[in-house]
Amino acid sequence: MVDFTLTDEQRSMREMAHDFAEKEIRPVAWEYDRDGTWPQALVEKAWELGLMNNHFPEEYGGAGLGYLEGCLIEEELAWGCSGISTSLTCNGLATAPIILAASEELKKEYLGRLAEAPLLASFCLTEPDAGSDVSGMKTTAVRKGDKWVINGSKCFITNGEYANWYTVYAKTDKEAGHRGISCFLVPRDAGVIVDKHEDKMGQRASNTATVVFNDVEIPADHLVGEENKGFKIAMMTLDRTRPGVAAMATGVARAAMEFAIEYSKQRVQFGVPIAMHQAIQFIIADMSTKVHLSRLATWHSAVLLDQGKRNTLESSHAKRFAADSAMEVTTDAVQVYGGYGFIKEYKVEKLMRDAKILQLYEGTAQIQRLVIARETLLPRRVEAPAPAAA
Ligand code: COS
């Protein structure tokens, strides 16, 4: 049976997230965007309300919510501000490899830290010369006695400046390509250096930093999953987090559409509100279809995960379509505003800048198409078993 009806619990969760976005995020979003302000107060409030880390299994202090519930929350938060929602939801990306593959001890200690206090964690995969090409990474981890020694540098790390710990991918066998990458949990106090705070085009309330590891030593048991199995853990993580990005893209597009509708009913040209002109109606109609289909694709990719099924194809469909749609819808919202849309005083200007990163982070629009093409030409419909803990 296919049923898109949400349960009462899901609806009230969505309402709570919407309320938070409307009353707490929206009033500060444009000021935080202008100044690039770190939303610490909102991190603390969202954490208090249970809007963060709610996907953790109950035994590690979470609410054990499903991926669909996560997407409902992420759409609302991003409707408020996608920069702030990126800050609030990034723990999901950092913790997915831990939930998937880490030992019981690591899960208890490090998921526990985030459950017990409003702390953050970051996911460190990308490097200056290894973006889409994950296997090209140069960061290394060398085993010395009962320690791993990590050297290298990771860039574009969301929440990097504020993280308490990091999920870090490093080469443990330089000759083995993607089969020589391992995943580690690195506590910040092991000697991680935060090097550079990026000044970004959009999502300016999110923190993006370079994180450097100079002979950083971590205990041997901080290997996540098996040695040289990190690439698969990273891919399985992205399968689990791309639906959330798609949900955020849906929220951004929806916000832009709402602003465009409101403006088109007020702005009078040729003697009538511009909403009366078919040229504008068709733009609004396309916006509405894109928001609707983005949400459907997002929900489908999340529901498959909740059913324990592999969703590689569907999460790339959702991420690709929703992010491209968010870019198109926000650009069209600026178009509906005409010259005013280009002025910072009008809200759609920020949304258009914010949307761009949705086509870039967690796999570019081109990488999504590459995955979609591979999955379509050579379907791998079997379920991927969870990687074993180290
Ligand atoms: N789930 C489980 N396993 C997967 C997988 C998935 N979704 N995708 C790939 N794998 C496995 C493959 O089965 C293959 O396994 P074997 O070693 O047993 O053969 C292995 O991983 C390598 O897969 P593939 O050949 O597809 O790897 P490529 O090097 O060609 O890379 C892309 C694939 C380009 C898709 C990958 O590098 C990628 O997603 N890049 C983008 C990274 C990204 O999103 N960065 C953003 C950073 S987070 S902000």
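Good morning. I begin with the second largest pocket, which holds about 240 Å³ of space. Its lining consists of 14 residues, and those closest to the pocket centre are Val 2, Asp 3, Phe 4, His 300 and Val 303. Before I continue, please keep in mind that we are looking at a predicted model.

Which helix supplies the largest share of this lining? The answer is helix H7, residues 278-306, with five residues. Sorted by class, the lining of the second largest pocket comprises nine nonpolar, four polar and one charged residues. As a general point, rolling a probe the size of a water molecule over the atoms shows where empty space is left.

I now turn to the helices. Two packed helices are described by the angle between their axes and the distance between the axes.

Let us take helix H1, residues 8-35, and helix H2, residues 40-49. Their axes come within 12 Å and cross at roughly 175°. Angles over 145 degrees count as roughly antiparallel, and H1 and H2 are therefore roughly antiparallel to each other. From H1, the contact is made by Met 16, Phe 20, Glu 24, Ile 25, Val 28 and Tyr 32; from H2, by Leu 42, Lys 45, Ala 46 and Leu 49. In this contact of H1 with H2 there are eight nonpolar, no polar and two charged residues.

The next pair is helix H6, residues 230-266, with helix H9, residues 348-358. Here the axes come within 10 Å, and the crossing angle is roughly 160°. That angle makes H6 roughly antiparallel to H9. The crossing of H6 and H9 is left-handed. On the side of H6, the contact involves Val 245, Met 248, Ala 249, Val 252, Ala 255, Ala 256 and Phe 259, while H9 contributes Val 348, Leu 351, Ala 355 and Leu 358.

The axes of H6 and H8 come within 8 Å and cross at roughly 20°. Is H6 roughly parallel or roughly antiparallel to H8? Angles under 35 degrees count as roughly parallel, so the angle of roughly 20° makes H6 roughly parallel to H8. The crossing of H6 and H8 is likewise left-handed. In the contact of H6 with H8 we find 20 nonpolar, six polar and three charged residues.

I close with a single residue. Where is Thr 364 found? Thr 364 sits in the loop between H9 and helix H10, residues 365-377. Apart from its neighbours within four places in sequence, Thr 364 is in contact with Ser 132 and Gln 359. Thr 364 and Ala 130 lie 234 residues apart along the chain, and their C-alpha atoms are separated by 13 Å. Thank you.

Notes. Residues numbered from 1 in each chain as written. Predicted model: local features only at pLDDT ≥ 70, side-chain atom pairs only at ≥ 80, totals over all residues. Heavy atoms only, no water. Axes fitted to C-alpha atoms, helices over the stretch in contact; angles between N-to-C directions. Helix = DSSP H or I, 4+ residues; strand = E, 2+ residues; numbered from the N terminus. Parallel < 35°, antiparallel > 145°, perpendicular 65-115°, else oblique. Left-handed = near helix turned anticlockwise from the far one by under 90°. Contact = heavy atoms within 4.5 Å. 1 Å grid on protein atoms, 1.4 Å probe; cavity = no way out; pocket = protein on both sides within 12 Å on 5 of 7 lines; lining within 4 Å. Points joined across faces, edges and corners; volume = space filled by probe spheres on them. Nonpolar A, V, L, I, M, F, W, Y, C, P; charged D, E, K, R; others polar.
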